[in-house]
Amino acid sequence: ALQVIAPLIEQLPQNDQPADDTFVDAYVLEALCRLKLKQFDGAAKSATAYLDATPQGEFVSQALGIRARAAAQLGNKAIAAADQEQLKTDWPQSPDFPRTTEELAEVAYANKDFVWAAELYEQLAALEKDSKYRPVGLSGLGWAHFHQEQYQPAANAFAAVVKDYPEHPLAPEAGFQHGASLRKLGQIEEAANVFTATFEKYTPSKMGFMAGLGAARQMRALARIDDADKMYAALVEKYPDRQDLDLLLNEWAEMLNAAKQHERSDVVWRQIVANFPDSPFADEGQLQLAISDINASKFDDARAKLRSLVADEQITPQRREEAMFRLAAIEEEQEQWDASADWAERMLADYPEGRHAWAARMFSARSDYKRELFDKARPKLDELRAARDQIVTVDGTPVSDSKTVGDFNWFPGVWIMLADIALREKRHDDVAAIVEEFHTTSPKSPFLHHADELLGRSLSAQAKFEEARAAFQRVTES
């Protein structure tokens, strides 16, 4: 087209030549072609040439629109805004006004000039309801407000898109963003309702999925676990082919697990393990199913699952350590002391600074104690006793500012086992010292009566019957 009109452009007056507007309209055609070719500087010059030659010409509105759009692309906001304002004032009914306004708004938005973008989109939103530019304006206005953290006007604009144009291609996204704006305002219940309505109306679109997920998460935040459970189930049913379905299932299962709805969570974990065996969440599912087996006293089933996790070369170190910890705990529960000791030693060898390193030390010490290997148990228990005030760390990082080894619920067993070993070895002074330390450091422990019973027996063995009677009385009164 530029080649065709080039001879016409050459015939137009140049510099101070007498005016001849016979072919002046060719400037507009040239400007439009260069705009389409993204030759913005040339487009602006051709549009300006036309406006200078015929300021009252037939195609002034088109030339203004072209120059405004080219100027915006060139970063010349002042010229773009002035030409757009002239269009709004002098040619509000011309198609060049909404077309130019929309493109300028898109440029402003892309440049993160959300204030100007909002001004422009608001002009489109004010058009008649049947204008094709109005839903675009409402959607853009919502986004421009959203990025300025003006969430109430954003919510209003997005809601208007859905209300006035429910079948428009922008409506599903607007429905989701309406809910997202309400969520930002802290209106969680209202957000959940909007997300739910958007899911029900626009499934199986992408934004329908996002709205359903938003609804499930808001219901979870509201502790409406049963409602959230149903929403997750609906998402899985309506979107069975999503590539990230394992991620959705994991989120669902974790919610149910946290809510202690273990029967329901196990159903979801089984879906992950069965349908997504290579997913990074399959190992977590297997671990959680093993824990459920433990809670149901299905120890053989739990062992099988946990051993497969330990043998899995792809498993994360954290889950592998957790599986070992659970295996050691099972063997201790079953009084399989050799097996418990073996798992504890493996944990300490592989994860000496892991999450369960201190528990592994206790498993090891208690296994020795139960097998009456007191020479092996004693130094391990003394090590734990000495570490009572030590801050607990995982891989060198403190778990918290205040959690110490002595805060573990199993720690009272350290004093009790040490006292019992001392009693068996007739080290009565050590029995008294250990029990006194237990009373001093943990005066409200529910396990003190065990220590007092050992102390009473020690005192009786020394024929200190009055003191023994006092110790036994504390046992009966506890």
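Once neighbours within four places in sequence are set aside, L235 is in contact with F199, F209, G212, L213 and L248. The model in which these contacts are found is a predicted one. L235 belongs to the largest nonpolar core, which has 65 residues, and together with Y232, L248 and W252 it touches the most other members of that core. Apart from this core lies another, of 57 residues, whose members include Y369, L384, W415 and M417.

| Nonpolar core | Residues in the core | Members, among them |
|---|---|---|
| Largest core | 65 residues | Y232, L235, L248, W252 |
| Another core, apart from it | 57 residues | Y369, L384, W415, M417 |

Helix α7, which runs over residues 114-125, has twelve residues, and the 16 Å from its first C-alpha to its last is close to the 16 Å expected at 1.5 Å a residue. This helix is mostly covered, with nine of its twelve residues buried; these are F114, W116, A117, A118, L120, Y121, Q123, L124 and A125. Which helices are included in what covers the buried residues of α7? Among them are α5 (77-90), α6 (96-110) and α8 (133-147).

Q462 is placed in the loop between α24 (448-461) and α25 (465-477). Although Q462 and H428 are separated by 34 residues in sequence, their C-alpha atoms are 8.1 Å apart in space.

Conventions: Residues are numbered from 1 along each chain as its sequence is written. This is a predicted model: local features need pLDDT of at least 70, side-chain atom pairs count only at pLDDT 80 or more; totals for chains, interfaces and linings use all residues. Side-chain values use heavy atoms; hydrogens and water are left out. A nonpolar core is a set of buried Ala, Val, Leu, Ile, Met, Phe, Trp, Tyr and Cys residues joined through side-chain atoms within 4.5 Å. Buried means under 20% relative accessible area, exposed over 50%, partly exposed in between (1.4 Å probe, protein chains only). Contact means heavy atoms within 4.5 Å. Helices (H or I, at least four residues) and strands (E, at least two) are DSSP runs, numbered from the N terminus. The expected span of a helix is 1.5 Å times one less than its number of residues.
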